[in-house]
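Subject: Structure handover

Hi,

Here is the structure I promised to pass on to you.

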Amino acid sequence: MAFVAAGTVVALFVAIVCGLVIGPTSVPTWRVVGDIFAHVGIGHNTLTPLQSTVVWTLRAPRMVIGLLAGSMLAVAGGTYQGVFRNPLADPYLLGVASGAGLGATFAIIDLSHGVGTPTWTPLLAFVGAMAAVIVTWLIGGRSIRSNTSTLILAGVAVASLLTSAQTFLQQQSSAGSITRVYIWLLGSLASAGWGTVWLVFPYVIVCIIICVGAGRALDVMSVGEEESRSLGVPVRRVRFIVIAASSLGTAAIVSAVGLIGFVGIIVPHIVRLLVGTSYRRILPISVIFGAAFLVFADTIARTVIAPSELPLGVVTALIGAPVFVIILSLRRPVPV
Amino acid sequence: MSSVEVNELSVRAGNKTLISEVTLAFEPGTWSTIIGPNGAGKTTLVETIAGLRRPSHGAVSILGEAITEMNERERALRVALVPQHPVVPSGMSVYDYVALGRVAHHGLFHPASPRDRAVVESVLERLSLVEFRGRDVATLSGGERQRMVLARALTQSTMVVVLDEPITGLDLRHQMNMLELMKSEVHECGLTVVATLHDLTLAGQFADRLVLLDRGEVVIDGPAAAVIRSDELAKRYGMNLRVVDVDGADVVVPVRHGDNVNGA
C-alpha cells in the first residue's frame, strides 16, 4: 500500500514535469524543475521570458486542468462504483454525459448562427448535465422503496432520451456544426486557460474532498443497503451526498473539457487491483493516479501528431485498455 | 423494564397486512424465538424490531426509546441484526468485516479507537475466528461465514441482538455450535435475543420462550416446553406433529399421513 502510494506520487510528479516540458518549443527539463522550485520560493527563476510564457501561460493551465479532470473523473467513477456496488459504473452513469452533450449541441448548433463554438457552450453543457442528473434522481432516487437499480435504470432512460434529442438536433443542422459538436464531444484540454482552471477549481476540490471523505461509509455499504443501515450508516443520506458531489464535479469538468471517457471507469479499477477493495484506499489513490494518468495521456495526445492533436478520449482508451488488461491478467478475479 | 417492547404493532406492504396488532415484551437475559409457518410474518417482525421497516401502526421501543425516534447510528448502538441472507463483500478481510460492527461507535469519519480494536479482538477470540482474520470473506465455508456474521453483530456491543434464521444452510454440528455460542453470550452478557427459526426442535431447546406467529398474529406465547406441546402448533402448521422426549430434550417429529392433525 505504502509502495503503491509512493509510486503514484512519483508518477504524478513525473506527469507534471512532462506536461510542462514536452512540446514544440524545447525547454530543458532542469530549467523547468528549477523554475517550479523558484515558484514555491526555493532558488531563482531559471527560464527565459519566452520559455516562461510558453511554460506558465500555455502549458501550465492545460496541465492543471488535466490534473483536475483526471482526479475528478477517477474519484467520481470510484465513488459511483462503490455507491452502486457495480463494477460497470462510471461518472456518466446518471446522464451527466448525455445532458452535457445536449446542452453543448444546442449551444453550438442553435446559438452559434453557423460559425464557431459560442462562449456559453460550457455553461449550457453544465446546465444540461446537472438537469439530467436531477431528473434521474427525481425519477429513480427519491421514493422510499427505490434502490440503486431503479436509479441506474432511470439514468439509462434519461440518457437515451437526451441522446436522441441531441441526435435530432444534429440531424437538422449543417455538416460544419456537426463537426464542431463532434470535436467538443470527444473532449480536449486544448482551449483551457487559467480562467477555466479557476472556474472549475472550487467545485472540483470540494467534490473530491466529499467523495474521498465518504470512503469509510462506502466500505460499510459494500454489505448492502439493509445491513449497512443496521450497522448505523444513514444510507440514503450518504448516497444522496456522494451522488450529488460526484455529479456536480463531473458536470463542471465535462463542461470545461468535453467528454473524456475511460478515466472514470478504468482508473479506479486499476487502483483497486493494486490496493485492494477498501474505498478508504481506492479513492485517495485514484485522485492522484487519475491526475497523473490524464496529464500523461494529454501529453501524448498533443505531441504524437503535432501540430495537430489526437482526441484525448482516444488516447485514454488506447493507453488505459492495455494497462488494464495486463493488470487484470495478473490479478483476478475483479473484486468490487 | 423490558429491553424490547412491541406495542400494537402493524406492518403493511401496499394493502397487504404482514403484521397485525402484535404486542410483545422481551426481557434482558432471555432468548425468545419466533416460530411459525412460511409467510407468518416472522422476518417482518424481527426486521421491524431491528429498525429496518417502519411500523404502519403501533410502536417498537428498545430500552424505553421508540425506534422511529432514533437515527441509524443510535439504533445500531442498541440493536444488532444477524440477517437471513448476509451480503458477503468479496475482497474484504474477516477482520475488517467483523470490525464493521464498531462503525456506529467510532463514526464514519473517525478511525477505530484502541477500545474498538480490543472489542473486535475479544469477539474474534470468543468465536474462534482468530485464525481467519486475514482471510478473504468470500473464501470461508458456510459455518465459518455465519460465525463471522454473528461476530460482527456482537462487536456492536448492543443489549439486543436479533437473529433472522441464523443457521440456514449449516450442517447439524454447525447449527448446534452457532446456537450454543449465542446461548453463552446471552448468559454471560445478559443479552436479549430475539430469533426466528424454522427448526422447531432447536427452537424448543435453545429458547426460553417461544412465540408462535401465524398470518401476522400472535397465536401462542409462552415457555418453550408448553408451546412445543400445544395442539395449536400442529394445527397452524397444518400437519401431524409429535413431541418425543429424548434424554430430557423435546424433539419435534413430523409424522407422515396422519388424519388426526392434532397429533397423538
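**The strands of chain B**

Strand 7, helix 7 (residues 172–189) and strand 8 of chain B together make a right-handed β-α-β unit. Right-handed here means that, with the strands pointing away from the viewer, the path from the first strand over the helix to the second runs clockwise. Helices (H or I, at least four residues) and strands (E, at least two) are DSSP runs, numbered from the N terminus.

Before going further: this is a predicted model, in which local features need pLDDT of at least 70 and side-chain atom pairs count only at pLDDT 80 or more, while totals for chains, interfaces and linings use all residues. Residues are numbered from 1 along each chain as its sequence is written, chains are lettered from A and ligands numbered from 1 in the order in which they are written, and side-chain values use heavy atoms, with hydrogens and water left out.

Back to strand 8 of chain B, which spans residues 192–196. Strand 7 (residues 160–164) of chain B runs parallel to strand 8 of chain B, and 5 bridges join them; two strands count as paired if DSSP finds at least two bridges between them. Within this pairing, Val161(B) has Val193(B) as its bridge partner.

How many of the residues of strand 8 of chain B are buried? The count is 5 of 5, where buried means under 20% relative accessible area, exposed over 50%, and partly exposed in between (1.4 Å probe, protein chains only). Thr192(B), Val194(B) and Thr196(B) cover one side, and Val193(B) and Ala195(B) the other.

Chain B also has an open sheet of 4 strands in the order 2-1-4-5, with antiparallel pairing. Its edge strands are strand 2 (16–26) and strand 5 (65–66) of chain B, each pairing on one side only. Strand 4 (residues 57–62) of chain B meets strand 5 of chain B over 2 antiparallel bridges, with Ile62(B) and Glu65(B) as bridge partners.

**Aromatic rings in chain A**

Searching the whole structure gives 6 aromatic pairs over all chains. Rings of Phe, Tyr and Trp (its six-membered ring) pair if their centres lie within 6.5 Å; planes under 30 degrees apart count as stacked, over 60 as edge-to-face and the rest as tilted. Trp194(A) and Trp198(A) are stacked because their ring centres are 6.4 Å apart and their planes are at 25°. These two residues are 4 apart in helix 8 (residues 194–213) of chain A, so about one helical turn separates them. Trp194(A) is partly exposed at 32% relative accessible area, whereas Trp198(A) is exposed at 56%.

Trp198(A) also forms an edge-to-face pair with Phe201(A), at 5.7 Å centre to centre and 70° between the planes. Phe201(A) is partly exposed, at 32%.

**One more residue**

Ala107(A) sits in helix 4 (residues 96–110) of chain A and is buried, with a relative accessible area of 0%. Its C-alpha atom is 26 Å from that of Asp298(A), 191 residues away along the chain.

Best wishes
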